Amino acid sequence: MEFDIGIFVQQLVNPSYLYGAFLSVAVAVLALVLATAVGFAVALGRTSQSRIAQGAAGFYTWFFRAIPALLVLLIIWNALPQLFPVLRQEWFSPFIAAFIGLGIVEAAFMAEIIRSALLSIDEGQNLAGRALGMSPAKVMVKVVLPQAIRIALPPTGNEFIGLVKFSSLASVISLQELLTTAQVGVNITFRYAEYYAAAIIYYLIIVSLLTLLQNYVEKKFLWTSRSKPKKPSTLEPIGQGVHA
Amino acid sequence: MSHEPQPTEAKVWTPADPVLQVRNLHKSYQDQHVLRGVEFDIHQGQVKAVLGPSGSGKSTMLRLMALLEPANDGEILLRGQRLGVRQRGTTTVPLPERELAKERRDIGMVFQKFNLFPHLSACRNVMLGLTSVQNIPAKEAEERAMAMLERVGLSHRAGHYPSELSGGQQQRVAIARALVMNPSVLLFDEPTSALDPELVGEVLDVMEGLANDGMTMIVVTHEVRFARRVADQVTLFDSGVIVEQASPDEFFDNPQHQRTRKFLSHVH
Ligand SMILES: Nc1ncnc2c1ncn2[C@@H]1O[C@H](COP(=O)(O)OP(=O)(O)OP(=O)(O)O)[C@@H](O)[C@H]1O
Ligand SMILES: [Mg+2]
């Protein structure tokens with residue numbers, strides 16, 4: 001059997017691949033949003049004075065770093081609906097189960113990234129903010145977070161790319177994401193090479209676009225007057241982008 | 001370290017009284033007794049220079065006065081009002097962080113390492129306190145920030161980020177950032193120690209200008225000539241207590257304490 005360019009191109013423009021790619025990226029985006037929110041809370045817990053918060057946050061990190069993401073997805077999709085009737089309803093789709101499952105696992109890793117970013121900010125920044133009369137929350141939002149985001153961005157980009165690939169795990173809970181789409185096609189036609197090659201192209205395109213996006217966002221955090229030549233005023237928004 | 005009844009609280013404050021009073025201030029870290037009963041007054045418009053060897057507790061004293069850390073004992077009074085604590089029944093308890101934040105607005109602090117916010121332009125650095133603490137609209141805050149940058153001679157650098165400014169310029173922005181809040185007292189912790197020698201003068205000039213404009217300032221410094229020329233009062237701090245407190249001429253030409261003479265022989 002030879003590599004059939006015709007089948008390959010046909011699959012490349014096949015709407016079901018595009019839809020599968022969309023699902024993969026959408027699951028990854030929502031999982032990252034959830035992981036960042038939960039991870040931030042866990043990071044605050046781990047750096048807090050309270051023993052209880054430290055313990056709870058430490059347990060979370062320990063637990064979800066140990067459990068395979070695949071197992072978490074299976075539990076959320078198969079086990080939890082048996083225990084909680086509300087999860088047997090229509091709205092609880094594989095898509096929702098997938099992004100929640102990947103998000104809570106990823107949160108354990110995001111928590112470490114966020115924690116080390118927060119710890120890397122010089123204590124003098126906190127002192128200067130407090131000396132101005134800013135409340136602890138204001139110091140966090142206006143002074144510490146914009147600086148921590150810059151530090152957390154590169155590793156978060158890596159995690160995001162990882163999540164796009166991990167979204168293929170959701171095939172076990174019958175989500176028609178990119179890799180499942182390829183696999184389903186293969187099961188009917190046995191044209192392994194052509195279908196997998198199409199999937200490769202899609203993953204390459206997705207990750208390339210994400211890398212471009214990451215470079216663009218990181219440029220926004222360069223903090224030099226030269227990086228923003230268009231704006232004559234000093235009034236660019238505080239801590240541009242991302243968290244706004 | 002017991003709490004005796006404090007007579008200072010009963011009196012009514014008048015502008016003739018010291019604007020800031022420090023009484024019997026104590027601070028310990030673990031088993032290290034860093035401040036051992038610091039006492040002084042400063043009147044409106046006065047400049048107090050604080051000299052003293054490394055590790056004697058000068059920075060600690062400023063952090064306590066800026067309400068960045070709680071004292072173990074003693075009191076700080078601004079216009080006769082005790083800072084950092086409130087009365088609960090018969091005992092005094094430390095204020096919660098949110099309340100402390102409000103009291104801090106009245107006391108400005110300039111740090112040895114500037115501590116400018118690197119993600120904000122010079123103008124934004126100066127504006128942040130106005131917009132986020134005093135809730136002043138951005139436009140008005142920008143005007144006031146620009147006026148303050150003008151005063152420290154940096155309006156042409158308003159759009160620059162801290163990484164694009166020299167150390168002397170950064171410290172002048174930091175002074176503008178503290179000044180724009182209109183504090184009653186401005187505290188300086190070795191404001192020129194982190195600077196290259198050729199950049200020290202521009203910062204001291206700005207500070208001298210503030211002193212001439214009537215700003216109340218406490219300046220921890222090693223700049224003896226600045227202390228002699230600008231200060232109204234010079235203080236020697238050692239091992240957590242004030243050893244000598246006098247006018248510049250008295251302090252440098254006729255010190256009363258052996259400890260001061262020894263210190264001056266090292267710095268001259
Ligand atoms: N947060 C802290 N925790 C523990 N010890 C501290 C802390 N801050 C200061 N100290 C100790 O308190 C003592 C006084 O420190 P401080 O920084 O106030 O001295 P200083 O007079 O400002 O010295 P320098 O001229 O070197 O700045 C030092 O021995 C220091 O180690
Ligand atoms: Mg010091």
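Predicted model: local features only at pLDDT ≥ 70, side-chain atom pairs only at ≥ 80, totals over all residues.
User: Thanks! What share of the residues of chain A count as buried?

Analyst: A residue is called buried when its relative accessible area is under 20%. Of the 244 residues in chain A, 43% fall in that group.

User: How many helices and strands does chain A have?

Analyst: Happy to count them with you: chain A has 9 helices and 0 strands.

User: Now for ligand 1. Which residues around ligand 1 come nearest?

Analyst: Good place to look! There are 13 residues around ligand 1, and B:Gln32, B:Ser54, B:Gly55, B:Ser59 and B:Thr60 come nearest. A polar side-chain atom of B:Gln32 sits 2.7 Å from an oxygen atom of the ligand, and for B:Ser54 the corresponding distance is 2.6 Å. B:Gly57 takes part through its backbone, with a polar atom 3.0 Å from a ligand oxygen.

User: How much of ligand 1 does the protein bury?

Analyst: Taken alone, ligand 1 exposes 630 Å², and the protein buries 65% of that. Two elements of chain B, β2 (32–42) and α1 (58–65), each give two or more residues to the shell. The largest share, 4 residues, comes from α1(B).

Terms used:
Residues numbered from 1 in each chain as written. Chains lettered and ligands numbered in written order. Heavy atoms only, no water. Buried < 20%, exposed > 50% of the residue type's maximum accessible area, 1.4 Å probe, protein only. Near = heavy atom within 4 Å. Polar contact = N/O pair within 3.5 Å; in protein donor to acceptor, adjacent residues only side chain to side chain. Areas by Shrake-Rupley, 256 points an atom, 1.4 Å probe, with all protein chains shown as cover.
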